[in-house]
Amino acid sequence: MLFNFFGALLLGLFIFLFTLVAAFWGFSYYVRSRIRRYEQSQTEAHNQFVHLLIHILVRIAQLDGNVTRAETAAISDFFRVHLHYGHQQLLWVRELIRQAMASPLTLDDLLTDFRRRFGYESRLILLELIYRVIYTNEAVSEQELAVLQRIADFLEINPYDHQAIRAKYQYQRQYRQWSGAGAGSGSDGWAPAAADTRYYRVLGLEPGAAFEQIKAAYRELSKQYHPDKVNHLGEEFKRVAEEKMKEINEAYQHLKKQHRG
């Protein structure tokens, strides 16, 4: 009886473990199949862009020698909140993060590959997105700022174009520190003087720049961020360009009115 009891117990344990393994394998296969279907529904350019973006973000997170769960969660949250990724897309993002963590490729390897595959407008979108991710953190270290500069240089971003991106995010951070998010008396939550400064920063200019400089900056940025130039990257990145164009147009119209008023 004792032998039969332990035999039945071991058999039950074996069946339980086999069921767990089968369930895990089945779930993994389901997830992989969903990821594969999503990748097949997108263009090669879109898939490569996201692949390299995530690998670069993971390398930046590894600057201090360790990537925490909070840091990988922040990358996933960025895609969910800012790029409006759904469940299937987020499964893909998490898989790419896992691959990036195990990849031996260096930041220079990744940037070299990106520069080889993508043109200037796509590089600007990449840099804009990296700045967005970095500036969602409570604090931005000097090491991170140095890496952002290194990325811009490696991708051969024009210093003026880099300044237009960097100044906007730095000013937004400074303004939040000064007065708290949402403070101000303007309709968009900004005090009038602060709003003027923000609009200059969006165009990569110092406050008080002449109207000819404003007009030249507007024309140049409008060419760089035209959504048609990043159509091949997919809808979510076309929306990033559209949002950027909206910011540029708003800044130009506001400053034009100020100078003519």
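In what follows, a residue is called buried when its relative accessible area is under 20%, exposed when it is over 50%, and partly exposed in between, with a 1.4 Å probe and protein chains only. Helices are DSSP runs (H or I, at least four residues), numbered from the N terminus. This is a predicted model, in which local features need pLDDT of at least 70 and side-chain atom pairs count only at pLDDT 80 or more, while totals for chains, interfaces and linings use all residues. Residues are numbered from 1 along each chain as its sequence is written, and side-chain values use heavy atoms, with hydrogens and water left out.

Helix α3, which runs over residues 69–81, has 13 residues and spans 18 Å from its first C-alpha to its last, close to the 18 Å expected at 1.5 Å a residue, where the expected span is 1.5 Å times one less than the number of residues. Within α3, the residues T72, I75, S76, F78 and F79 are buried. They lie on the same side of α3 because they cover an arc of only 150° around the axis, the arc being that of the directions from the helix axis to the C-beta atoms. The face turned away from this buried side carries the exposed residues R69 and A70.

The side chains of E128 and K168 meet in one of them, at 2.9 Å from N to O. This pair links distant parts of the chain, with E128 in helix α6 and K168 in helix α8 (residues 159–179), 40 residues apart. K168 counts as buried because its relative accessibility is 3%. K168 also forms a salt bridge with E247, at 3.0 Å from N to O. Since K168 lies in helix α8 and E247 in helix α11, the pair ties together parts that are 79 residues apart in sequence. Salt bridges that share partners join E128, K168, K244 and E247 into one network.

Technical notes:
Helices (H or I, at least four residues) and strands (E, at least two) are DSSP runs, numbered from the N terminus. A salt bridge is a side-chain nitrogen of Lys or Arg within 4 Å of a carboxyl oxygen of Asp or Glu.
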